[in-house]
Amino acid sequence: MKKAHFNGLKRKTNEKGSYKKMKKNLIEFIDISKSYNGSLVLDEFNLYVRENEFVTLLGPSGCGKTTTLRLLGGFEKPDSGKILFDSKDITNLPANERKLNTVFQKYSLFPHMTIAENIAFGLKISKKSKAYIDDKIKYALKLVNLEGFENRSVDSLSGGQQQRIAIARAIVNEPKVLLLDEPLGALDLKLRQNMQYELMRLKEELGITFVYVTHDQEEALTMSDTIVVMNQGYIQQIGTPEDIYNEPKNAFVADFIGHSNILDGIMIEDRLVEILGVKMPCVDEGFGQNCPVDVVIRPEDVKLVEPGEGQMEGDITSIIFKGVHYEYDVMANGYEWLVHTTKYVPVNTHVGINVTPFNIQIMHKPESSDEEVVEIDE
Amino acid sequence: MNKSKKQLLAGPYLIWIIGFILLPLLMIVYYAFTESDGSFTLENITAITSHANFSALLLSLELGVLCTVICLVLAYPLAMILNGMQIKNQSFVVFIFMLPMWMNFMLRLMAWKQLLAKNGVLNVFLSTLGLPNLSIMNTTMAVVLGMVYDFLPFMILPIYNSMGRIRKDWIEAAKDLGANNITIFIKIILPLTLSGVISGIVMVFVPSLTSFAISQILGGGKVLLIGNVIEQDFIHGSQWHAGSGLSIVLMIFVLISMALTGLFGKDEEGGTALW
């Protein structure tokens, strides 16, 4: 059952960037299982990462994304399964012998060393010449826009600066893969956005493979070539940001990627679904007749129209100004709809709701309890 | 409360400092540089160059260094093991190690005397096993043993504390950057525990250099340290001027040793402040 489920998660071949020549698989997780104190964190986990790909592991806390990264970094050993790197089995290779570097969530700069000494740490261990090391330090500091910081102490740097030094310290070793564990989690919004652009720029300039862990869906959508959505130790969906956002495979993915209206529906027949007692045309086929399904409708896809002109009617219960758009709660047919629109309508107005067939996403109900939608408090 | 009123709160402590630290210190300085008739002299200071006094000072330094080295060798691995233990109640284990410190110092020394005596517990035990008896009582060995026993917790605690502040992700970051366990120890753990080591050294070396009770009880009068010479001057000979002179010399040695250790790192454990 589970095997079948994973086979269903094989990546599509028409990924973004497929016009480039096919890259080989650099990292492969094969049937990895891992548990802590008796509770299963990863269950027969399978994933591959291609060369020069920016892969993001996305999911709520406890979904197994950090464990996956720590297994790859060599800080944990799997209970079973194999990890291949460049086609070689590295499952039992200690962390210090792996050709990859990690940027930790807490920056983890050595407090008793200057910035230059921190950056030089890995290079000194691999016995590079002093001239080479000095060059590399200069180059790395320039890359992260912190020129002239060589002799500063770690304490004197802000969180954002420390994080950039942590990145510099990792990349001077020219790793084949850079692992990043929620590296921007502690930064404020503006800095986080700047760092996102810097990371993307680094990826282009250095041509290395990124494996990025985050619970921030926006971050994932912005930076990734491929997103792996995880929940409770299982992969929910693998795809490009566009795939994940526009065609979520199940209600969990839909709910986790952005705010959505997720409703119970019944697929009456091909291209017709019943939601909240209303039959609505859609574009999906092949579910059979009277099949219970999850229906996902993005808030920006719900149109507010005059009463009588919509597929259902309701009252606006709240309105929040969000800058680019207004966010409405609309009570209609016993469900509180989330609606994003630039149109202003006062509270308590009676309105109609319309959704075009193309914007109605139909999904199978979760197959097993493992994949049930969990509440995510944000 | 305004500032001047707040400062009043320091009053009792100020009186204490003046009455019990500053005044006695000034008195020692006065006695050190005067003769019994009150005239100025340097003889009390230069008395350290006499053969008996100098060899007592040398022995004190020797045993102090030996005791400090033994404590360091014992305490560092122990602190590492304590810190690395995967148990919930780590502080309780540390508490066990500190427990003897709560017992009276003299009482513990008397216990050691009973253990090490010619017909003491240790030798009775060895006899029943048919092993040769040990006669380390009244030797420098017994004195060093007593010193190490007494001062070991002062070495463990600051090292253990400094080790506890090393974050696990620093170790992981070092490993990630290619460091093996030896490199991690030399480049990360050792430098980050250096302040604890220095505190420990000061907290052990200074009291062992100035101790006199341990050598008196476990040395049986046969091991003469500079502390014993000073004690004899004050208590038995009523030679306050000579005793004060030697005290000043000893104090200078203490200050020199603290300045030397201070060179190697900032003291963050408050060790020097304690003595």
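1. A word on terms before anything else: helices (H or I, at least four residues) and strands (E, at least two) are DSSP runs, numbered from the N terminus. With that in hand, chain B reads α-α-α-α-α-α-α-α-α-α-α-α-α-α along the sequence, which amounts to 14 helices and zero strands.

2. Some ground rules. This is a predicted model, where local features need pLDDT of at least 70, side-chain atom pairs count only at pLDDT 80 or more, and totals for chains, interfaces and linings use all residues. Residues are numbered from 1 along each chain as its sequence is written, chains are lettered from A and ligands numbered from 1 in the order in which they are written, and side-chain values use heavy atoms, with hydrogens and water left out.

3. How confident is the predictor? For the complex, it gives an ipTM of 0.76 and a pTM of 0.76. Chain B has a mean pLDDT (the predictor's confidence in each residue, from 0 to 100) of 86, and 95% of its residues reach 70 or more. Within chain B, helix α9 (residues 168-176) has the highest confidence, at 94, while helix α14 (residues 271-274) has the lowest, at a mean of 40.

4. I'd flag the end of chain B for you. Over residues 267-275 of chain B, pLDDT stays under 50. The model has 20 contacts (heavy atoms within 4.5 Å) beyond four places in sequence for that stretch.

5. Now the overall build of chain B. Its C-alpha atoms fill a box of roughly 75 × 70 × 35 Å along the principal axes. Of its 275 residues, 39% are buried; here buried means under 20% relative accessible area, exposed over 50%, and partly exposed in between (1.4 Å probe, protein chains only). Among its contacts between residues at least 6 apart in sequence, 71% join residues at least 24 apart. The accessible surface of chain B is about 15600 Å², and 71% of that belongs to carbon and sulfur atoms. Such areas come from the Shrake-Rupley method with a 1.4 Å probe, and for residues only the protein chains shown count as cover.

6. Chain A has nine helices and 20 strands. Its C-alpha trace spans about 75 × 45 × 45 Å along the principal axes. Of the 378 residues of chain A, 51% count as buried. Contacts in chain A with a separation of 6 or more come to 67% from residues 24 or more positions apart. Chain A exposes about 17600 Å², with carbon and sulfur atoms supplying 49% of it.

7. Have a look at helix α5 (residues 159-171) of chain A. The expected span of a helix is 1.5 Å times one less than its number of residues. For the 13 residues of this one that should give 18 Å, and the end C-alpha atoms are 19 Å apart, which agrees. The helix is mostly covered, with 12 of its 13 residues buried; among them are G160(A), R164(A), R169(A) and I171(A).

8. You'll find T214(A) in strand β8 (residues 209-214) of chain A, and it counts as buried at 2% relative accessibility. T214(A) and E182(A) sit 32 residues apart in sequence, yet 4.9 Å apart in space, C-alpha to C-alpha. Leaving out residues up to four places away in sequence, T214(A) touches residues including T56(A), K65(A), E182(A) and E219(A).

9. On to a hairpin. Strand β9 (residues 226-231) of chain A and strand β10 of chain A pair in the antiparallel sense over five bridges; two strands pair if DSSP finds at least two bridges between them. I227(A) stands opposite G239(A) in β10(A). Two residues lie between the strands, and Q232(A) takes a positive phi near 50° in this hairpin. β10 (residues 234-239) of chain A is mostly covered: six of its six residues are buried.

10. Last, the open sheet of five strands in chain A, with order β13-β12-β11-β14-β20 and antiparallel pairing. Why is one side of β13 (278-281) and of β20 (361-364) left without a neighbour in the sheet? Both strands of chain A stand at the edges, each with a single partner strand, so there is no neighbour on that side. Inside the sheet, β11 (residues 261-269) and β14 (residues 291-297) of chain A pair over seven bridges, again antiparallel, and M267(A) has C291(A) as its bridge partner in β14(A).
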